[in-house]
Amino acid sequence: MFLDLRSGLEWSDNPDLGVTGDSRLISRTRLDFSLERRTSIDTFTLGLGGDLVFGEDTDETVENSDARLRWDRDVGRSRIGLGVTLENAELDSTSFATGESAESVDFDTFDGGNRRSTRFELEGAFGIESPLGASYRLSQTSITYEDTDDPSLLDADVTDLSFSVTAAMDQTTTVGLIGSLSDFDEKGAGALDTQSVRLGGELRSDITSTLAGRFAMGWQETEQSGTTTTRTDGIFADGELTWTRPNGTAGLVLDSPIDANGRRTTLQFQRTLELPRGGFGYSIGLSRADELGTRPLFGLNWEYEMPRATFTADLSQTPTTTRDNVETINSVLSLNLNQQLTSRSSLDVLFSLRDADEEGVGASDTRRVGLDLTYRHDLAQDWDLVGQFSTVRIIETGSADRDANTLFLGLEKRFGWN
């Protein structure tokens with residue numbers, strides 16, 4: 001069992017990232033509890049977390065709460081897992097689309113509020129490492145929004161089901177039947193419901209000792225309903241070739257699915273290099289959507305290790321299509337330096353730039369620029385003094401620029417029990 005504690009004073013000159021905002025001083029305590037119990041075949045995990053907030057203009061005492069419960073059973077030839085996740089996230093102008101991940105390149109700006117999500121997940125497999133086997137995954141997520149007037153935030157139920165049945169032809173080649181069903185059901189004015197079904201075959205093969213490949217093809221049908229109903233269907237294809245090189249890997253990746261707006265096809269070349277003091281990787285390619293033209297794809301990752309510091313740089317540009325068939329060019333730049341100042345102190349610097357550039361008439365462009373400075377000092381065993389400064393600026397078409405500066409000073413401690 002572990003209990004992670006982070007407690008201190010937090011001051012912000014514009015905590016809601018509005019065009020105009022009032023400063024706020026609060027006491028924020030973050031608690032994260034985790035428990036893991038293992039046997040020879042079973043694993044049980046429990047996680048609880050949340051922010052306790054006290055001070056000026058605080059509407060809720062508990063913010064950003066979450067609970068996670070999961071059970072896994074692995075007996076070698078088969079496995080099964082069950083999980084439940086409850087999350088309550090505060091929304092503001094730094095939130096990301098659908099709230100799936102802060103690493104997503106597809107982000108939106110919101111007018112505040114809360115997003116509550118409940119997720120159930122079942123996954124498993126049988127016939128593992130056998131000539132004939134299968135795997136499956138089923139998830140259901142319910143999303144609700146509170147205290148927001150943003151018309152783009154609609155409650156929704158999301159259901160995803162996928163399966164794969166595989167048969168080994170020999171030691172190097174496997175064929176399989178794959179399928180999936182996804183249903184995105186919104187609620188409220190202007191809701192769009194999207195359902196997608198795919199069924200096809202898959203081939204995996206170790207072509208040579210250094211070349212491996214995977215290719216899948218089949219039929220996909222997507223239907224979107226709202227004020228009108230549209231249906232698109234066609235042949236989907238995806239696959240990849242991976243070469244193992246003396247100093248890294250190289251690969252080609254193809255993806256051509258059918259969604260509510262038609263087909264989007266992407267083709268990328270990927271390369272990773274192992275360097276004496278880190279690693280370097282890049283990807284280049286093209287992406288073409290029906291009736292929207294062809295766009296470039298690129299990505300770059302570099303990690304450099306120094307005697308007392310680590311530097312990481314990430315850069316990517318990816319086109320996406322919104323549900324109302326508007327293309328957005330999403331660009332992300334991240335620069336991170338972690339410097340060990342002394343044997344007991346360190347400084348972490350993170351610069352991030354996220355840019356969403358919509359195409360077409362009436363397009364809305366959004367840019368988010370952020371800088372985070374975090375200083376840590378070891379006071380005693382497992383006790384750290386933490387000082388953090390964060391600044392963020394939002395630049396959005398049709399809206400005045402917004403920015404916020406936040407200071408945090410507090411303590412961190414991990415408690416552990418075995």
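The model is predicted: local features need pLDDT of at least 70, side-chain atom pairs count only at pLDDT 80 or more, and totals for chains, interfaces and linings use all residues. Residues are numbered from 1 along each chain as its sequence is written, and side-chain values use heavy atoms, with hydrogens and water left out. The structure holds 30 salt bridges and six aromatic pairs.

**Terms for location and exposure**

- Strands (E, at least two residues) and helices (H or I, at least four) are DSSP runs, numbered from the N terminus.
- Buried means under 20% relative accessible area, exposed means over 50%, and partly exposed lies in between (1.4 Å probe, protein chains only).
- Accessible areas come from the Shrake-Rupley method with a 1.4 Å probe; for residues, only the protein chains shown count as cover.

**Salt bridges**

- A salt bridge puts a side-chain nitrogen of Lys or Arg within 4 Å of a carboxyl oxygen of Asp or Glu.
- R38 forms a salt bridge with E36, and the closest N and O atoms are 2.6 Å apart. R38 is exposed, with a relative accessible area of 59%. E36 is partly exposed at 47%.
- D42 forms a salt bridge with R73, with the closest N and O atoms 3.2 Å apart. D42 lies in strand β3 (residues 42–55) and R73 in strand β4 (residues 62–74), so the pair ties together parts that are 31 residues apart in sequence. D42 is buried, at 17% relative accessible area. R73 is partly exposed, at 33%.
- E221 forms a salt bridge with R231; here the closest N and O atoms are 3.9 Å apart. This pair links distant parts of the chain, ten residues apart: E221 is in strand β11 (residues 211–225) and R231 in strand β12 (residues 229–245). E221 is partly exposed, with a relative accessible area of 34%.
- One network joins E10, R28, R30, D32, D51, E63, D66 and R68 through salt bridges that share partners.

**Aromatic pairs**

- A pair of aromatic rings is described by the distance of the centres and the angle of the planes.
- Rings of Phe, Tyr and Trp (its six-membered ring) pair if their centres lie within 6.5 Å; planes under 30 degrees apart count as stacked, over 60 as edge-to-face and the rest as tilted.
- The structure holds six such pairs. F269 and Y282 form a tilted one, at 6.3 Å centre to centre and 50° between the planes. F269 lies in strand β15 (residues 262–275) and Y282 in strand β16 (residues 278–289), so the pair ties together parts that are 13 residues apart in sequence. F269 is partly exposed at 27% relative accessibility. Y282 is partly exposed at 31%.
- W302 and F311 form an edge-to-face pair, at 5.6 Å centre to centre and 70° between the planes. W302 is partly exposed, at 33% relative accessibility. F311 is partly exposed too, at 23%.
- Ring pairs link F269, F280 and Y282 into a cluster.

**Charges over rings**

- A charge sits over a ring if NZ of Lys or CZ of Arg is within 6 Å of the ring centre and within 35 degrees of the ring normal.
- The charged end of K413 sits over the ring of F415, 5.2 Å from its centre.
- R414 lies over the face of F2, 4.4 Å from the ring centre.

**A buried arginine**

- R264 lies in strand β15 and is buried, with a relative accessible area of 12%.
- The R264 side chain makes a polar contact with the side chain of S287 at 2.6 Å.
- A polar contact is a pair of N or O atoms within 3.5 Å; within protein, one must be able to donate a hydrogen and the other to accept it, and residues adjacent in sequence count only if both atoms are side-chain atoms.

**Nonpolar surface patch**

- L132, F163, V165, L177 and L199 make a nonpolar surface patch of about 440 Å².
- Patches are made of residues with over 30% relative accessible area and no salt bridge; like charges are joined within 9 Å, nonpolar side chains (Val, Leu, Ile, Met, Phe, Trp, Tyr) within 5 Å.
- F163 is found in strand β8 (residues 156–168). F163 is partly exposed, with a relative accessible area of 33%.

**Positive phi**

- Most residues other than glycine have a negative phi.
- N64 has a positive phi, near 50°, and is not a glycine. N64 lies in strand β4 and is partly exposed, at 27% relative accessible area.
- E129, also not a glycine, has a positive phi of about 60°. E129 is in the loop between β6 (113–126) and β7 (132–146). E129 is exposed, with a relative accessible area of 77%.
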